[in-house]
Amino acid sequence: MITFIPLTGFLGAGKTTTMTAAALALQAQGRKVAVITNDQGVELVDTKLVRSKLDSVAEVTGGCFCCKFEDLVEAIVALVASDSVDTVIAEAVGSCTDLQATVVRPLRQYYGDDMVVAPLTTVVDPLRHLAFARAAERGEPESDLSYLFRQQVTEADVIAVNKLDTIKPDRAEELLASLRTSHPKATVVGYSATTGAHLDTLLDAWQAPATNEDVVLDIDYDRYAAAEAQLAWMNQELDLTAAGDGFDATAWARTVLQELSGWAAEHDAVIGHAKITVETADGDFAKLSLTESGAQPTLDRAAEASVPTGRAVVNARVACEPDALDTAVTEAVEAADLATAVTSSATTPVSFKPSYPRPVHRLAPAGA
């Protein structure tokens, strides 16, 4: 019998960091853990980072778990068969919701003899949550993205507030208390996946029974689709060559994201997330991420200071039109090339808006 742990949460909440940190913690307890990443596109930055830390990793691309349900099942089966794992943690696309009905219940109904499905966990970025809350307090109409975020939190068995180290302790306690009051059926935990602080509270929550499994979202799929369509999704690969003896891969990636952050702030474009890896010839790589317009990038992994060549992958999810994102990334790359003495050669940007969500299954709670 294997344990399947489903994660959801808005773009930039730290699902991949949470998944990786939790997998390592469970392995330290003697569990054999595999993870599955998920995205609307292909060439995932997160998958490369996870594979640098964990042995058993799979990905489901081209759509969310709800619309790629059989792909998810195949990935689980393959991991169990090849690596003899007993625990699988999987993170859904950051713009996906309604997972209780489209993923959790189908897995329990059709594969319950072989699989224990842990409580559905929604990972929350406190700053993102507070931004949506302030907009509601000001009486602003609920945006489609805020609507999507609210649905993700509403269906959670576990509300996992990540990045608690980014806000003051009294504000953190206030936020956790507010979520416990507004979502009484959910278990609310706070932690930092980056530092590992209080991660054990999340692991404990996964051992408890699901408390919100009978929830039925009053969800408008047209509005859900509209929320996803606000975001342009872009994946691009680039070959990088130093003009001289070498270039700083970390500095190049940081400059790209700094330029993109400034562009997004200037154009009032919400950044879901933007991530870059630069892999060097010897297999080392740099990885940086950005989750807020106008903010500085976060360094997740640094590479050697000077390398002759590199292969970069850019994943960007921004609330704008795809052609605008293509232009913004192209200009950001040009600025980074100039700043770090690099010549870059890019593939054609693959920018798109997600198609209408059409889940394979959508099951009501048992007895409903």
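The model is predicted.

## Strand β1

Start with strand β1, which covers residues 2-8. The strand is mostly covered, and seven of its seven residues are buried. In a regular strand, side chains alternate between the two faces of the sheet.

Which strands pair with β1? One partner is β4, residues 87-91, which pairs with β1 in the parallel sense over five bridges. Here F4 stands opposite V88. Another partner is β5, residues 115-117, again in the parallel sense, over three bridges. In β5, M115 is the bridge partner of I2. A further partner is β6, residues 121-124, which pairs with β1 in the parallel sense over two bridges. The bridge partner of L7 in β6 is T121.

Now turn to empty space. Rolling a probe the size of a water molecule over the atoms shows where such space is left. The second largest pocket holds about 410 Å³ of space.

What lines this pocket? The lining has 20 residues. H129, F132, A133, S178 and L179 lie nearest the centre of the pocket. By type, the lining divides into eight nonpolar, six polar and six charged residues. Helices α5 (126-137), α6 (144-154) and α7 each supply at least two lining residues. The largest share, seven residues, comes from α5.

P126, R128, H129, L130, F132 and A135 are buried in α5. Of these buried residues, H129 and F132 are also among those nearest the pocket centre. What covers the buried residues of α5? The cover includes β6, α6, β7, α7 and β10 (271-280). β6 is also a pairing partner of β1.

## Single residues

| Residue | Relative accessibility | Class |
|---|---|---|
| D98 | 2% | buried |
| T250 | 6% | buried |
| L164 | 16% | buried |
| K163 | 18% | buried |
| T298 | 43% | partly exposed |

The loop between β7 and α7 holds two of them. One is K163. The other is L164. β7 spans residues 158-161 and α7 spans 169-182.

Is L164 buried or exposed? L164 counts as buried because its relative accessibility is 16%, and the cut-off for buried is under 20%. Leaving out residues up to four places away in sequence, L164 touches A172, L176, G190 and Y191. W263 lies elsewhere: 99 residues separate L164 and W263 along the chain, and their C-alpha atoms are separated by 28 Å.

K163 is also buried, because its relative accessible area is 18%. Its backbone has a feature to check. Most residues other than glycine have a negative phi. Phi of K163 is near 60°, a positive value in a residue other than glycine.

D98 has a positive phi too, of about 65°, although D98 is not a glycine. Where is D98? D98 sits in the loop between β4 and α4 (99-111). D98 counts as buried because its relative accessibility is 2%.

T250 lies in helix α10, residues 249-266. T250 counts as buried because its relative accessibility is 6%. Beyond its neighbours within four places in sequence, T250 is in contact with A286, L288, L299, A302 and A303.

T298 belongs to strand β12, residues 298-301. At 43% relative accessibility, T298 counts as partly exposed. T298 touches K287, L288 and S289, not counting residues up to four places away in sequence. Which distance separates the C-alpha atoms of T298 and R254? They are separated by 8.5 Å, with the two residues 44 apart along the chain.

Key. Residues numbered from 1 in each chain as written. Predicted model: local features only at pLDDT ≥ 70, side-chain atom pairs only at ≥ 80, totals over all residues. Heavy atoms only, no water. Buried < 20%, exposed > 50% of the residue type's maximum accessible area, 1.4 Å probe, protein only. Helix = DSSP H or I, 4+ residues; strand = E, 2+ residues; numbered from the N terminus. Pairing = 2+ DSSP bridges. Contact = heavy atoms within 4.5 Å. 1 Å grid on protein atoms, 1.4 Å probe; cavity = no way out; pocket = protein on both sides within 12 Å on 5 of 7 lines; lining within 4 Å. Points joined across faces, edges and corners; volume = space filled by probe spheres on them. Nonpolar A, V, L, I, M, F, W, Y, C, P; charged D, E, K, R; others polar.
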